[in-house]
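Here is a briefing on one protein structure, written for someone meeting it for the first time. Please look over the sequence and the model, then read the points below by topic.

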Amino acid sequence: MKKVGKAAVIPILLVLSLSTVPVSADTYYDFVIYDPEKNEYYSASHNSETGEMLIDHTPIYFYSQGSESEVGDGKYKGYNLYYEYPDQFSVHNDRSWWWEGSKKSGYTIYWVGGSNTNYDYATIKIPDSINGVDVVDIKGSCDFKAFDLNSNNKHLKCADNVVFSKDGKRLIAYAQYDKRCEYAVPEGTEIIERKAIWNCPYLRTITIPDSVTEIRENALASSNYNLSLVNFYDFYVTIDRGAFGPLKNQSELMLKSGVTVILKLKGNTILWNKVSAASYYEIYQKLNNGEYKLLKTTKDTACKFTTLKSGKNYTFAVKPIAIIPAANYNKEDDEGIYPESFTIEGTMSEDIVLTGK
């Protein structure tokens, strides 16, 4: 196996679009890159003075098994990596993958983001093992178009271009440059992990099923916020105070739910069923132009009207609202930076017509 220096310890599985220059014999390598066109790995370094990416095009001899040229969800048979320095890693200013862990627990692959490169056309292959030790987890989303994961991987699975734990309960990583505008998290998912759906420039709407009980820090965050709508099945969810990033990135974000109420009449009073997780209800009057005007809010499940004109028809509707306290919020540290709570709007009820008496 070719020795590339003790800093060359990060298996980066990506395509570089930068120009390359020859690497001198004394180059201090920082990480390893993967070229899917040639199915080869190379040592590489970043020149901090010139900003150029230095690549040694002499292949590093990783051991791969059953790798195929075509990529996509499970289209290759899986492969394992062997590297001479498995216990060392470095953080690099460009895109970097590295591993850490032990033979007991297996390796976790982490993602380090940067701003110097763009891999929005690339498909990343996730190895089954490194130096014979299973890769058991990956952390966070990344700047790629697609994942290629062995369908027989014992610890992870890829569904609809999203990586999950094998049992499907943890959503781990969404390919940032997948060009879908909408994504529905599959039923059975329970946790959306930290940075799982992060900085996705095309994604506008996410639908969350009732099985999801927890959304962790930065799970749906973005520095250039594009996500505008999150649809929840109900109001029963724990949301970390940084789940959607800082407050400054949330001005256009709407949190909605399909939870609604059914109205009925009793004299000049409208009544509705109680929604256990609702914090209050908004009462609207429908105007002649079809728009709805907010009349009042209440924690009750009834509203009596005493000023209606006799014989005149009035149309009303009610919307449940939930205020979800932000998990892990600390007033001293987070006030003005992260929200103290999240407001989820339910769905407006069907109209009900009340004739004044």
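Strands E22, E23 and E26 form an open sheet in that order, with antiparallel pairing. This is a predicted model.

**The three-strand sheet**

- The edge strands are E22 (263-266) and E26 (302-304), and each of them pairs on one side only.
- On average, neighbouring strands of this sheet are turned by 20 degrees against each other, direction ignored.
- Strand E23 (residues 269-272) runs antiparallel to E26, and three bridges join the two.
- Ile 270 stands opposite Cys 303 in E26.
- Ile 270 also belongs to the largest nonpolar core, where it is among the residues with the most contacts.

**The six-strand sheet**

- A sheet of six strands is also open, and its order is E12-E13-E14-E16-E18-E20.
- Its pairing is mixed.
- E12 and E20 (238-239) stand at the edges with a single partner strand each, so one side of each has no neighbour in the sheet.
- Strand E14 (residues 170-174) and E16 run parallel, joined by two bridges.
- Leu 171 has Ile 192 of E16 opposite it.

**A hairpin**

- Strand E24 (residues 280-286) pairs with strand E25 (residues 292-298) in the antiparallel sense, over six bridges.
- Gln 285 has Lys 293 in E25 as its bridge partner.
- The two strands, E24 and E25, form a hairpin with five residues between them.
- In the turn, Gly 290 has a positive phi of about 90 degrees.

**Nonpolar cores**

- The largest nonpolar core has 49 residues.
- Ile 197, Leu 220, Phe 232, Phe 244 and Ile 270 have the most contacts inside this core.
- Strand E27 (residues 313-325) gives the most to the core, with five residues.
- A second core of twelve residues is separate, and includes Ile 126, Phe 144, Ala 173 and Ala 175.
- Ile 126 is found in strand E8 (residues 123-126).
- Is Ile 126 buried or exposed? Ile 126 has a relative accessible area of 2%, so it is buried.
- The C-alpha atoms of Ile 126 and Phe 147 are separated by 7.3 Å, while the two residues are 21 residues apart along the chain.

**Two loop residues**

- Asn 161 lies in the loop between strand E12 (156-159) and strand E13 (162-165).
- With a relative accessible area of 10%, Asn 161 is buried.
- Its side chain makes a polar contact with the side chain of Asp 178, at 3.0 Å.
- Glu 187 lies in the loop between strand E15 (182-184) and strand E16 (191-192).
- Glu 187 is exposed, because its relative accessible area is 56%.
- Which residues is Glu 187 in contact with, leaving aside its neighbours within four places in sequence? They are Pro 209, Asp 210 and Ser 211.
- Glu 187 and Asp 210 are 23 residues apart in sequence, and their C-alpha atoms are 7.4 Å apart in space.

**Salt bridges**

- Side chains of opposite charge can pair when their charged atoms come close.
- The count of salt bridges in the model comes to 13.
- One of them joins the side chains of Arg 170 and Asp 137, at 2.9 Å from N to O.
- Arg 170 lies in strand E14 and Asp 137 in strand E10 (residues 133-139), so this pair ties together parts that are 33 residues apart in sequence.
- Arg 170 is partly exposed at 22% relative accessibility, whereas Asp 137 is buried at 9%.
- Glu 214 forms a salt bridge with Arg 216, and their closest N and O atoms are 3.0 Å apart.
- Glu 214 is partly exposed at 27% relative accessibility, and Arg 216 is partly exposed at 28%.
- A network of salt bridges links Asp 137, Arg 170, Glu 193, Glu 214 and Arg 216.
- Lys 331 and Glu 335 also meet through their side chains in a salt bridge, at 3.1 Å from N to O.
- Lys 331 counts as partly exposed, with 49% relative accessibility.

Notes:
Residues numbered from 1 in each chain as written. Predicted model: local features only at pLDDT ≥ 70, side-chain atom pairs only at ≥ 80, totals over all residues. Heavy atoms only, no water. Pairing = 2+ DSSP bridges. Helix = DSSP H or I, 4+ residues; strand = E, 2+ residues; numbered from the N terminus. Buried < 20%, exposed > 50% of the residue type's maximum accessible area, 1.4 Å probe, protein only. Core = buried A, V, L, I, M, F, W, Y, C linked by side-chain atoms within 4.5 Å. Polar contact = N/O pair within 3.5 Å; in protein donor to acceptor, adjacent residues only side chain to side chain. Contact = heavy atoms within 4.5 Å. Axes fitted to C-alpha atoms, helices over the stretch in contact; angles between N-to-C directions. Salt bridge = Lys/Arg side-chain N within 4 Å of Asp/Glu carboxyl O.
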